[in-house]
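Here is a short briefing for a first look at a structure. Keep the sequence and the 3D view open as you read.

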Amino acid sequence: MKLIRLVCDYFRINLAAAMEYRAAFLSQAIGMAVNNSAFILFWIIMYHQAGPSIEGYSFRDVMFLWSLAPLGFGISIVFFGNSVSISKLIYSGELDVYMLQPKPLVLNMLASKMYVPGLGDMAYGVILFLATQPLTLTRIGLFVLFSLAMAAVLIGLRLFYHSFTFFFGNAEEFASMAAESVLSLILYPGTIFKGPVLWLFRTLFPAVWIAYIPVRLIQSFDLALLFITLGADILIVTAGVMLFYSGLKHYESGNRIGARM
Amino acid sequence: MIRKYSTIFSFSLKNQMVYVPAFMFRNVFFILVLFVFSNLWRVVYGARDTIAGLTLTQALWYLAFTETVELGKVRIFDEIQTEVKEGTLAYTLNRPYSYLLFMYAKGLGSSVPQMLSLALIGSLFSFVFAGPLPYFNPAAAAVVLMGGVGCTLAWMLLIGVLSFWFEEVTPFYWLLQKLIFIIGGMFIPIDFFPPWLESLARYSPFAFSAYWPAIVSVDYSSMRFLTAAAGQGFYILLLLSISALLYRRGIRQLSVQGG
């Protein structure tokens, strides 16, 4: 409960800071929503050529992916904005500030920053879901659950990828590229990918667990598969946290003097 | 006069050539896009040999060329925006060159090495996964691909000049990027569009940044090449002229405010 309150407090403070620059805040959030909207036209054209289904995915299924991904991604950068800057915190010695505070390190570090454009992503995801999906209680419940699971996995993955900075110096470019790759993969019908590459999408770039199976569960619900998926999600997040803490043993303080207001 | 700007072009080119190995690493993302689309096109094509006259091979090569232009360009509006905001633009006023043409030539020169590395990777990937193009005219492709970057940079010059009136011009760039993505036919050739959108998109300025360079490269005909080159020349001149007009007004405003 205390941890949730910490995240909420950070959110409140960061939002208040962002609202000081209202025009920039609105233009960034609206810009991001417009940015995403352009791709609806892309899929309309694609389905115009492909017919009603692309390898088992209807237009509505693809729109489910395009609702889920912005909401999950938005939550991950709005509430845990520092998850995209972990490498920088490590190599510039800025972790000291968080290590000295009487709060759980990972949560405190991740939640202390907010990326404002993420609010546009979140709004876009919800609006697109409401506009394109049948609004049954089960579907809404699964949408919320999968969005939260996706946010958690994206954060876990960033922890995992950026932790390489502890071991190999600055891995920022690799981590950003890997995280971007996962984000790109989750926006396309999973069934177009075949063969051994799917193993990569179940492990290092786990699009299967956060996007492809959720769509399958929306198409036809299966309780056992839901539990397997959530289990895989928990495993990924645990791996990220464990690698971070194991890398932390190699961390060298930056001797930085900093103040956090 | 041309020599002045071609020197700026070649300095930027040499400067950026040093970073070619770094581009190669960053281009992994480009390969991922090609990989995703090679799978997507394979499914969409299904048993069909062609869609709107293009084969699966041509559709994949098409994306490699549009992405070469899109990912190869340098965001020149960022630098213009910073110089306007900080007032450092004032220092360039008494220099013996046109600030806009300087930025344009610099942008072109910096884009070439990135485009070369992208074209290399894109060609390699397309060749391995889709096979060779039935016919390819390298000279025509080079001209229209450069023309494509020229068009996008002319847009970015115009966006940069808007910094005289807007504090943040990046949202204009996002808008431009999306128009090139969709109306310009960056991911999907305009020939695949529904008729109502096709007629709107084909000769729009955005199509000369993506569709025309790529379609000339994958399905060459002299008529197509001439249309692409003429359209690119027209839009580049138009956009540069509008930028110059706005720049003159902006500079007056800058002087009034004291730089």
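Predicted model: local features only at pLDDT ≥ 70, side-chain atom pairs only at ≥ 80, totals over all residues.

Residues are numbered from 1 along each chain as its sequence is written, chains are lettered from A and ligands numbered from 1 in the order in which they are written, and side-chain values use heavy atoms, with hydrogens and water left out.

**Where chain B touches chain A**

- The contact takes 26 residues from chain B and 28 residues from chain A. Contact means heavy atoms within 4.5 Å.
- About 2600 Å² is buried between chain B and chain A, and carbon and sulfur atoms give 82% of that area. Buried area is the accessible area (1.4 Å probe) that two parts lose on being put together, summed over both.
- Within chain B, Leu40(B), Trp174(B) and Ile182(B) lose the most area to chain A. Together they account for 20% of what that side buries.
- The count of salt bridges between chain B and chain A is 0. A salt bridge is a side-chain nitrogen of Lys or Arg within 4 Å of a carboxyl oxygen of Asp or Glu.
- The polar-contact rule finds 2 residue pairs across the interface of chain B and chain A, both at pLDDT 80 or more. A polar contact is a pair of N or O atoms within 3.5 Å; within protein, one must be able to donate a hydrogen and the other to accept it, and residues adjacent in sequence count only if both atoms are side-chain atoms.
- Helix 2 (20-26), helix 3 (28-45) and helix 8 (170-182) of chain B are the elements that give two or more residues to the side of chain B that touches chain A. Helices (H or I, at least four residues) and strands (E, at least two) are DSSP runs, numbered from the N terminus.
- Helix 3 of chain B gives the most to this side, with 11 residues.
- By class, the side of chain B that touches chain A has 22 nonpolar, 1 polar and 3 charged residues. Ala, Val, Leu, Ile, Met, Phe, Trp, Tyr, Cys and Pro count as nonpolar, Asp, Glu, Lys and Arg as charged, and the others, Gly among them, as polar.

**Salt bridges**

- Side chains of opposite charge can pair when their charged atoms come close.
- Over all chains, the count comes to 9 salt bridges.
- Glu70(B) and Lys73(B) form a salt bridge through their side chains, at 3.1 Å from N to O. Glu70(B) is buried, with a relative accessible area of 7%, and Lys73(B) is buried at 10%. Buried means under 20% relative accessible area, exposed over 50%, partly exposed in between (1.4 Å probe, protein chains only).
- Asp78(B) and Arg75(B) also meet in a salt bridge, at 3.0 Å from N to O. Asp78(B) is partly exposed at 27%, and Arg75(B) is partly exposed at 36%.
- Glu79(B) pairs with Lys106(B) in a salt bridge, with the closest N and O atoms 2.8 Å apart. This pair links distant parts of the chain: Glu79(B) is in helix 5 (residues 76-86) and Lys106(B) in helix 6 (residues 99-130) of chain B, 27 residues apart.
- Glu79(B) is partly exposed at 31%, and Lys106(B) is partly exposed at 25%.
- A network of salt bridges links Asp191(B), Glu198(B) and Arg202(B).

**Helix 7 of chain B**

- Helix 7 (residues 138-161) of chain B has 24 residues and should span 34 Å at 1.5 Å a residue. The expected span is 1.5 Å times one less than the number of residues.
- The end C-alpha atoms of helix 7 are 34 Å apart, which agrees.
- Of the 24 residues of helix 7 of chain B, 19 are buried, so the helix is largely enclosed by the rest of the structure.

- Gly46(B) sits in the loop between helix 3 and strand 1 (50-51) of chain B. Gly46(B) is exposed, with a relative accessible area of 55%.
- Glu55(A) has a positive phi of about 45 degrees although it is not a glycine. Glu55(A) lies in the loop between helix 2 (22-50) and helix 3 (59-78) of chain A.
- Thr57(B) belongs to helix 4 (residues 56-72) of chain B and is buried at 18% relative accessibility. Leaving aside neighbours within four places in sequence, Thr57(B) is in contact with Ala130(B), Gly131(B) and Pro132(B).
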